[in-house]
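Hello,

Here is the structure we talked about. Please look through it first, then read my notes below.

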Protein chains: 2
Amino acid sequence: MFESAELGHKVDKETYGKEVPLLREALLTTQFDLAEDHSFPVIILVGGVDGAGKGETVNLLNEWMDPRHIQAHAMGEPTQEEKERPPMWRFWRALPPKGKIGIFFGSWYTDPIVDRVTGLTKTTQLNRSVDEINRFEMMLTDEGALIIKFWFHLSKKAQKKRLKALEKDPETRWRVADTDWARFKIYDKFRKWSEHTLRATSTGIAPWIVVEGVNARYRNLTVGKTLLEALRKRLDQKEPVEAVVTAAPFLPRIDKLNVLKSLDMSQNYPKPVYDEELEKFQGRLNQLLRRPRFKKRLSLVVAYEGADAGGKGGNIRRVTAALDARHYRMVPVAAPTEEERAQPYLWRFWRHVPGKGAVTIFDRTWYGRVLVERVEGFCPESDWMRAYSEINDFEEQLVRNNILIVKFWLAISKEEQLRRFKDREKIAFKRFKITEEDWRNREKWDDYEQAVCDMVDRTSTDIAPWTLVEGNNKYYARIKVLKTLCDTIEAAL
Amino acid sequence: MFESAELGHKVDKETYGKEVPLLREALLTTQFDLAEDHSFPVIILVGGVDGAGKGETVNLLNEWMDPRHIQAHAMGEPTQEEKERPPMWRFWRALPPKGKIGIFFGSWYTDPIVDRVTGLTKTTQLNRSVDEINRFEMMLTDEGALIIKFWFHLSKKAQKKRLKALEKDPETRWRVADTDWARFKIYDKFRKWSEHTLRATSTGIAPWIVVEGVNARYRNLTVGKTLLEALRKRLDQKEPVEAVVTAAPFLPRIDKLNVLKSLDMSQNYPKPVYDEELEKFQGRLNQLLRRPRFKKRLSLVVAYEGADAGGKGGNIRRVTAALDARHYRMVPVAAPTEEERAQPYLWRFWRHVPGKGAVTIFDRTWYGRVLVERVEGFCPESDWMRAYSEINDFEEQLVRNNILIVKFWLAISKEEQLRRFKDREKIAFKRFKITEEDWRNREKWDDYEQAVCDMVDRTSTDIAPWTLVEGNNKYYARIKVLKTLCDTIEAAL
């Protein structure tokens, strides 16, 4: 893997002087085309051996290109805010939008490799990370991103020489820290685990490009030309063809039974019982969220989906009434903003992942892709088909970070919906709640029902199960939601 | 995940009686179309809870369909031959060719799940298997296979009821073994780890279809209709579009240096030294392969690639001269046979993976895809681009099974090749060795050189490194190969 990067590549001054102006101009033009084209983001990862010129190259790229469309991220120690969230959160935050270039100096590879080298983790854990990374990069690619991964390499001898040279020169001495020498001592280990990781993550969609770091001119030309070629190739592509879906279909409907039809919609509470229960569970929920253990270790994500007129709004209000306004955040999910459209689908949800002790309530969620987008044909089949496993990956990352996920589907019968729609039309202050679109959606009742059942089949997991709520009686639905929340938190505490 | 399969689905006799004849006919027609079309294989996996009717359904499918084009594989205890090879070997062997259907009753999921349930493995190991499975299924899909995964489910209550019912009936009593009841006792564990595995392997390309196993008529119709729909959908697809390659390009050639050009081609041995060394290393190799530890635990795969007229033939003969004819196998890789063309690319190499104590020598190898097929355009770019990581996966599986892999590239200079070509034309008994094609290939010298360098960059790994052999002097090349073999085996022993 490193053979080509230990040959002593170099470029003489004259050649370099001739090539650089041409390269810079080509890169600038291409970067401009990328911004104009605005159809995909470019993610550049920079990793490798210390002293191999990673920093210089990143700086040079910044210097060569238009700084308005390129952003470097030095991923050092995570901030407090970042520490409270799943490890990938900080990278999601920093993803470049379509038309822009993001350079990650230190990336999702850094911790897995360093932790293994220092013995903090075992090989199985490293392998786990590797597989998660592969899934993550596959998702990014599926969402259109161009990923370019540079690994700057030095042979052991070259690294030693380089560190010594830097030390000798008074102008560069400051750049050699004690940690650099400490790391040099573990060069062999570092090489071994880097090789292991690079091998397993050099995929067909996002291979590593290993660059010899000894000669700065060689390094710079190599990186510059690779970047240029990758961008040009992608920009010159005709419209991307739609992916072919080869997966087997969902369960056919053999009988009339499904998870929604099996709900007992007759359940209800009389008002006095409801009032009593409401007070009881709201109090309990409030108490549970105040527990020091919750505040220190846990977070809560509540995901609401449901039929039109299913009673989400009123239900959510009964929950928020029990919460401390400083610690919860309500996220109504509407059409994505411009900024959100320029990012991978899940980005708009990742940004709202709560920190420790906090609660986020999503009114409609990341399941939009497999519900409305599927039924209305807003995205190609291949996109929503892969969404199920991407969503499961997402939720698993949250759960592993001690975030409780409670997902509610508020179900009502078709007749009850009709009754509520008509009510809304009659009552003046409710009229804004009913539109032509609601009536149109209603015509697709069966399609939506199928989409919900498929969603439950694919994403109701042990770690993040769906709770189907019988919603014809609003009182019953509210109490069931509150009780489920309390039980889930209690079990976790 | 299992919600839909615990609802008590059933189909009445009358409906069943009406639907089955239609379904059977449709299935038969479709199966015929599949055989005619002959462009993809169908892989059906059947897993799930005991007593959920897995066996009956497999038998039924066999009964309903044309047995000439469908083959069921009961993957029970591995045979001795299978035990000696990597775990995936037996599945590779059983893969259906294009146009056919293979049913795996017990599959690559069985051991990972059962081993975790019985506590033989830890969760990290299960996760590792899961990720390997995902890569494997991705490769199969990329190679065109249609994968349909059925999971037969019973709730705990339903399983108990079913086992009791089987026991009660004298006709079916024999089907309930003690192990079934033993397994029932660990139902919860089994459910937990199955759920875990299904969640992580329900990918966009090969999702699980969970079927409720209680009612036989429901089960049969569900499986039959799913299969029918999946086949029809795939058959009705227009020509598959070529995958878009979005990966970053290889290292650009900045200077004249590369791993081949850096070889010192002047190295050579005078004849007397050669004779002496040859005898020494052949003897040593022979001895090493006779060691009980090698015979019991290790195997050896020798992979030969090289330039035309690079001296492969003579080199290989010097190696085989040292081997016991009963324990080695020589595999000359030529154009694939009809049978091989109907399988995924790596199938033709998997079939020759040696058992314990054995040696397989490949004269040309699985690297053909990234060498000749790439340079000559015999396969689309997306195919050879993904081959690097598929090859690394393949070799890793071998290495983990204690198979030593030694890969040689026999390099000669362009001038030396010309000399040898001319020699061959002059000498009568060598004339058959030189063809028009050799001259044509020679014109693409630079393209081949580039392909070799890229191959080394992507596939020379710590666990299976490439050995580049300076081949201008045949004596030197032969000794280097023999010595490398001896050193590798010695290090492993």
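**Two helices in chain A**

In chain A, helix 1 meets helix 2: Tyr16(A), Val20(A), Leu23(A), Arg24(A), Leu27(A) and Leu28(A) in helix 1 touch Leu60(A), Glu63(A) and Trp64(A) in helix 2. Contact here means heavy atoms within 4.5 Å. Helices (H or I, at least four residues) and strands (E, at least two) are DSSP runs, numbered from the N terminus. The residues of this contact are seven nonpolar, no polar and two charged. Ala, Val, Leu, Ile, Met, Phe, Trp, Tyr, Cys and Pro count as nonpolar; Asp, Glu, Lys and Arg count as charged; the others, Gly among them, count as polar.

How do the two axes lie? Two packed helices are described by the angle between their axes and the distance between the axes. Here the axes of helix 1 (residues 13-37) and helix 2 (residues 54-64) of chain A come within 10 Å and cross at roughly 65 degrees. Axes are lines fitted to C-alpha atoms, for helices over the stretch in contact, and angles run from 0 to 180 degrees between N-to-C directions.

**Before you go on**

This is a predicted model: local features need pLDDT of at least 70, side-chain atom pairs count only at pLDDT 80 or more, and totals for chains, interfaces and linings use all residues. Residues are numbered from 1 along each chain as its sequence is written, chains are lettered from A and ligands numbered from 1 in the order in which they are written, and side-chain values use heavy atoms, without hydrogens and water.

**Two domains in chain A**

Chain A splits into domain 1 (3-235) and domain 2 (271-492). The bounds come from an automatic or database domain assignment. The domain centres, taken over C-alpha atoms, are 40 Å apart. Domain 1 gives 18 residues to the contact and domain 2 gives 23 residues.

The two domains of chain A bury about 1,900 Å² between them, with 51% from carbon and sulfur atoms. Buried area is the accessible area (1.4 Å probe) that two parts lose on being put together, summed over both. Pro86(A), Trp92(A) and Glu143(A) supply 32% of the area that domain 1 buries against domain 2, more than any other three residues.

Six salt bridges cross this domain interface. A salt bridge is a side-chain nitrogen of Lys or Arg within 4 Å of a carboxyl oxygen of Asp or Glu. Arg386(A) and Glu143(A) form a salt bridge, at 3.3 Å from N to O.

**Chain B against chain A**

Each chain takes part in the contact: 71 residues from chain B and 71 residues from chain A. About 6,300 Å² is buried between the chains, 56% of it on carbon and sulfur atoms. There are four salt bridges between chain B and chain A. Arg199(B) and Glu396(A) meet in a salt bridge, 3.2 Å from N to O.

Which helix of chain B gives the most to the side that touches chain A? Helix 10 of chain B does, with nine residues. By class, that side of chain B has 31 nonpolar, 20 polar and 20 charged residues.

**One last pair**

Over all chains, the structure holds 80 salt bridges. Arg364(A) pairs with Glu305(A) in a salt bridge, the closest N and O atoms being 3.4 Å apart. Arg364(A) sits in the loop between strand 8 (359-363) and helix 16 (372-375) of chain A, and Glu305(A) in strand 6 (residues 299-306) of chain A, so the pair ties together parts 59 residues apart in sequence.

Best wishes
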